Amino acid sequence: MKALIALDAQGLSALVAECGQPSYRVKQLSDYIAKGVPIAQMSVLPKSMRDRLIAEGYRTLSATIAKKRQSATDGTAKYLFALDGGDLVEGVLMKYSYGNTVCVSTQVGCAMGCKFCASTLEGKVRDLTADEMLSQVIAADADEGGVNHVVMMGSGEPLDNYAESVKFIDRLCESGISHRHISLSTCGLCERIDELSHKPNAPVLTISLHAPTDELRRRIMPIAAKYSVCEVVAAAKRYFERTSRRVIFEYSLIAGFNDTQECARKLAALVKGFPCHINLIRLNPVAERGLDGSDKRTVEAFARTLTALGTSNSLRRTLGADIDGACGQLRRKYISEQR
Ligand code: SAH
């Protein structure tokens with residue numbers, strides 16, 4: 001299969017010319033692609049052209065919805081996208097008062113090996129291309145509408161797939177989504193954070209910290225052997241200085257591991273004086289991992305201590321908990337159902 005979305009302006013022009021069509025068809029075609037319209041339904045284009053594209057093996061997007069589950073409680077939609085070659089990745093659409101946010105995957109699987117994450121259980125399978133990332137956004141928007149925010153927080157480590165992730169951000173901006181409404185989440189690849197900070201349309205940076213000390217972080221995140229928490233915070237500070245954009249740290253609370261009052265105090269001390277934000281989330285338990293989320297009282301006490309110590313924080317709602325909201329869970333379930 002060949003996807004129209006993978007073609008740049010030059011490629012589209014060449015294709016339109018090959019079909020013997022005038023150049024104004026390029027704009028018509030690209031408007032359809034941006035909306036994810038299937039070729040057969042591109043009714044403004046002559047039937048002969050549509051038939052030809054289909055006969056040549058084209059389709060509009062390079063990621064298509066293979067399965068969808070929707071939360072009965074909050075409308076969160078979890079998608080399983082099929083890519084060329086049969087690989088599957090997950091995406092999520094979350095509904096907020098300000099519009100819909102799509103969470104996209106940047107790799108099939110992940111090489112980072114975080115101990116609490118379902119996406120990395122079998123390592124990295126392959127990188128996604130920018131058009132495969134963009135296809136997830138367009139497909140979800142075509143399905144539910146109202147998409148105005150994008151987070152790169154699905155499976156994969158975007159900074160381990162740097163060139164395509166950056167190309168994706170550029171294409172999203174061209175499509176009219178502001179870089180202020182695009183977040184990139186990383187486990188903290190410091191050199192790449194620096195590289196990203198020099199981009200004119202740098203996204204909001206979210207760093208998965210999950211522990212306030214090297215000793216603890218190394219037990220759950222292999223990347224912590226390469227970069228210390230101090231180095232990660234220093235990279236975040238440089239990002240803030242260069243982009244003026246407040247950095248967010250993700251902190252998943254794992255029962256009896258990183259949720260003590262002492263951890264809260266150490267976390268507050270680590271970021272003291274740095275105008276960042278801490279996003280707290282109860283760990284979404286992954287059966288294969290044997291780790292549990294902290295209970296509500298512990299989470300609230302942790303948040304209170306951060307607030308008392310002057311550290312901006314919020315507790316992220318766990319959306320779509322009834323539909324396997326956590327990373328990698330839907331894909332794993334789907335694959336094991338197929339086996
Ligand atoms: N590789 C990137 C982005 C993908 S993970 C990163 O590390 O940030 C997206 C976020 O989900 C990260 O903050 C990750 O640590 C978190 N996460 C993964 N598994 C989780 C789980 N079971 N419960 C809660 N958060 C989880």
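In the predicted model, a polar contact of 2.8 Å joins the side chains of Asn-201 and Lys-199, where a polar contact is a pair of N or O atoms within 3.5 Å, of which, within protein, one must be able to donate a hydrogen and the other to accept it, and residues adjacent in sequence count only if both atoms are side-chain atoms. The side chain of Asn-201 also makes a polar contact of 2.9 Å with the side chain of Asp-170. Asn-201 is placed in the loop between helix H6 (190-197) and strand E11 (204-208), and this residue is buried, with a relative accessible area of 14% (buried means under 20%, with a 1.4 Å probe and protein chains only). Residues are numbered from 1 along each chain as its sequence is written. Because the model is predicted, local features need pLDDT of at least 70 and side-chain atom pairs count only at pLDDT 80 or more, while totals for chains, interfaces and linings use all residues, and side-chain values use heavy atoms, with hydrogens and water left out.

Around the ligand there are 17 residues, of which Gly-156, Ser-185, Ser-208, His-210 and Asn-284 come nearest (a residue is near if one of its heavy atoms lies within 4 Å). An N or O atom in the side chain of Ser-185 is 2.6 Å from an oxygen atom of the ligand, and a polar backbone atom of Cys-187 is 3.4 Å from an oxygen atom of the ligand. A nitrogen atom of the ligand lies 3.3 Å from a polar side-chain atom of Ser-252.

How values were computed: Helix = DSSP H or I, 4+ residues; strand = E, 2+ residues; numbered from the N terminus. Buried < 20%, exposed > 50% of the residue type's maximum accessible area, 1.4 Å probe, protein only.
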